[in-house]
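Work through the exercises below with the sequence and the model in view. Each task is followed by a solution in steps.

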Amino acid sequence: MNLKNYLHKNPKLKKRIHRFIMHPVKTRPYWWIRILQPIYIKKGKGAVIYRSVRKDLPPFHQFRLGKYSVIEDYSCLNNAVGDIIIGDYCRIGLSNTVIGPIRIDNGVNISQNVVLIGLNHNYRDITKNIIEQGITTSPIHIGKHTIIGANVIVLPGVNIGKHCFIGAGCVVTKDIPDYCVTVGNPARIIKRFNPQTQMWEKVN
């Protein structure tokens, strides 16, 4: 039996360990966990995380940053409820919020003030406060060589294909296939690459 399965079967022990790692009000790892991050977070050759980035990265989920990828100033990374896997040659721009579970493939470029969030708060039980009802996770996936414009929001469970252009200010609420250009709120496809004509064609 591995450690994860053992803790799943021993909820009291799991809760104690969680309280030792995560501050109950700040909902981020305690300082004595954060100083160990260089040991357990995985960065590829040449990868850069700027000092001002908030790294809410407890060790019970994965964080991986591929080679020559960059996470720019004032961004926030949080894998408390799901893995964050970022590929090679990616750029996560200024003041981005990345909350797992999320997988970003190689060569993705994300502009400023983008929110990628792989969780929703539960709310359906009206006899309880929303904060007491926990969360539901649904992974985000962004395909290789996609560009995401400034001020975009990508909602839980969305899959964005490869070589897409997500225009500034989009709210992406549903899956986007490969080779698409989107605009608007909610995001809608306005162009798509046609492999037969080898042209980017407007979508009616």
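**Exercise 1: the sheet**

Strand β19 (residues 165-166) and β21 run parallel and are joined by two bridges. The model is predicted: local features need pLDDT of at least 70, side-chain atom pairs count only at pLDDT 80 or more, and totals for chains, interfaces and linings use all residues. Residues are numbered from 1 along each chain as its sequence is written, and side-chain values use heavy atoms, with hydrogens and water left out.

Task. Find which residue of β21 stands opposite I166, then place the strands in their sheet and state which are the edge strands.

Solution. Step 1: apply the terms. Strands (E, at least two residues) and helices (H or I, at least four) are DSSP runs numbered from the N terminus, and two strands pair if DSSP finds at least two bridges between them. Strands of a sheet pair through backbone hydrogen bonds, either parallel or antiparallel.

Step 2: in β21, the residue opposite I166 is T182.

Step 3: the open sheet has nine strands in the order β2-β5-β8-β11-β16-β19-β21-β22-β23, with mixed pairing. Its edge strands, β2 (48-49) and β23, each pair on one side only.

**Exercise 2: the hairpin and an aromatic pair**

Task. Describe the pairing of β22 with β23, then classify the ring pair of Y179 and F193.

Solution. Step 1: β22 (residues 188-194) and β23 (residues 199-202) are antiparallel, with four bridges. W200 in β23 is the bridge partner of F193.

Step 2: four residues lie between the strands of this hairpin, and Q198 there has a positive phi near 60°.

Step 3: rings of Phe, Tyr and Trp (its six-membered ring) pair if their centres lie within 6.5 Å; planes under 30 degrees apart count as stacked, over 60 as edge-to-face and the rest as tilted. The whole structure holds six aromatic pairs. For Y179 and F193 the ring centres are 6.0 Å apart and the planes are at 55°, so this pair is tilted. The pair links distant parts of the chain, 14 residues apart: Y179 is in the loop between β20 (171-172) and β21 (180-183), and F193 is in strand β22.

Step 4: check accessibility (buried is under 20% relative accessible area, exposed over 50%, partly exposed in between; 1.4 Å probe, protein chains only). Y179, at 30%, is partly exposed, and F193, at 23%, is partly exposed as well.

**Exercise 3: a salt-bridge network**

Task. Which residues are linked with D56 in a network of salt bridges, and is D56 buried or exposed?

Solution. Step 1: a salt bridge is a side-chain nitrogen of Lys or Arg within 4 Å of a carboxyl oxygen of Asp or Glu. By this rule there are four salt bridges.

Step 2: R28 and D56 form one of them, at 3.0 Å from N to O. R28, in the loop between α2 (11-21) and α3, and D56, in strand β3 (residues 54-56), are 28 residues apart, and the pair links distant parts of the chain.

Step 3: D56 also forms a salt bridge with R54, where the closest N and O atoms are 2.8 Å apart. The network therefore consists of R28, R54 and D56.

Step 4: D56 has a relative accessible area of 3% and is buried, whereas R54, at 35%, is partly exposed.
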